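Open the model in your viewer and keep the selection panel at hand. The tour goes one selection at a time.

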Amino acid sequence: MEIFDCIAAVAGPIHDYGDEFMSDDATAAIGLRAGFPPGRGFYCRGRFGVLGEAPASVVQAVQGFLGPDLVATGWRDGRPVMPAEEAAGCYAEAVRTWGRAHVPAAVDVERFNFLAQRLIDAADADALPLFAGWRAQPVPGGDDPVGAAMQRIHVLREHRGACHLAAVRLCGLSAREAMVVNLGVEQATHYGWREPGPAAADLIPRWQRAERLTDELQAPLYATLTARQRAEFARLVGALTGVRSS
């Protein structure tokens, strides 16, 4: 399998599987049991806790795609519950717990973990602090291969997201504009952007260019696998996330 064919095959499933975890009531329940109030506190404090005790404005600058009020509120609400590093660890355990409940039993997670770690290790994390933070999180060993697989899905998702934010800005789009182009006004509002207007037609080619540039930024990772390994990885991602490979 060619590099860009592999990226095209896995980018959507990895992103969407992570979305399922983040939006699941079971994930929110873990946060509630840990002492976080209802709302976005666990999500913001947990996901972005790998950045340390940063001001909300810094968290906003790093993650980009969520509206600033959503991030500021969630970060503020989560701060009294536990330190950032501890919250990140709690969120990582939530990632693994969700994986153990949802990754199909028939998936060869050991092989997935080997190939996924090859990609993660090959990544240049310069200018990608959120990815770097998640890559630095401890990953379970052989006693929890399924949880480890889900954590690696999350780390790879953060890599593409960070690359996409850089690509969006390089192509002359704001993160808000990119969200509207990609998801529409209603979904952009759901993700914290206040009264976003419809996307201007001339923004669509910029977003399409940003998507291509995101692929190019990820290409060095996938170049570390052979063509056969890329095809295998695409099949494993499809099996893990429930997407059939063509």
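Select V168. Its contacts (heavy atoms within 4.5 Å), not counting residues up to four places away in sequence, are F65, L173, S174, A175, A178 and A210. V168 sits in helix 9. Helices here are DSSP runs of H or I, at least four residues, and strands are runs of E, at least two; both are numbered from the N terminus. V168 has a relative accessible area of 0%, so it is buried. Buried means under 20% relative accessible area, exposed over 50%, and partly exposed in between, with a 1.4 Å probe and protein chains only.

A word on the source. This is a predicted model, in which local features need pLDDT of at least 70 and side-chain atom pairs count only at pLDDT 80 or more, while totals for chains, interfaces and linings use all residues. Residues are numbered from 1 along each chain as its sequence is written, and side-chain values use heavy atoms, with hydrogens and water left out.

Stay on helix 9 and pick H164. Is H164 buried or exposed? H164 counts as buried, because its relative accessibility is 11%. Leaving out residues up to four places away in sequence, H164 touches F65, W207, A210, E211 and T214. F65 and A210 are also on the contact list of V168.

Next, select residues 175–183, which form helix 10. Which residues of helix 10 are buried? They are A175, A178, M179, V180 and V181. Their cover includes helix 9, helix 11 (185–190) and helix 12 (204–222). A175 and A178 are contacts of V168. Step just past helix 10 to G184, where phi is positive, at about 95°.

Center on F233. What does F233 contact, leaving aside neighbours within four places in sequence? The list is C6, V10, F112, L115, A116, L119, L156, Y222 and L225.

Jump to G18 in helix 1 (residues 3–23). G18 is buried, because its relative accessible area is 5%. Pair G18 with L51, 33 residues apart along the chain: their C-alpha atoms are separated by 19 Å.

Zoom out to the whole chain. The protein chain has 13 helices and 0 strands. Its radius of gyration is 18 Å, close to the 18 Å of the globule rule for 246 residues, so the chain is as compact as a globular protein of that length. The radius is taken over C-alpha atoms, and the rule is 2.2 Å times the number of residues to the power 0.38. Along its principal axes the C-alpha trace spans about 45 × 45 × 30 Å. Of the 246 residues, 49% count as buried. Among contacts between residues at least 6 apart in sequence, 76% join residues at least 24 apart.

Finish with the surface. The protein chain exposes about 11,400 Å², and carbon and sulfur atoms supply 54% of it. These areas come from the Shrake-Rupley method with a 1.4 Å probe.
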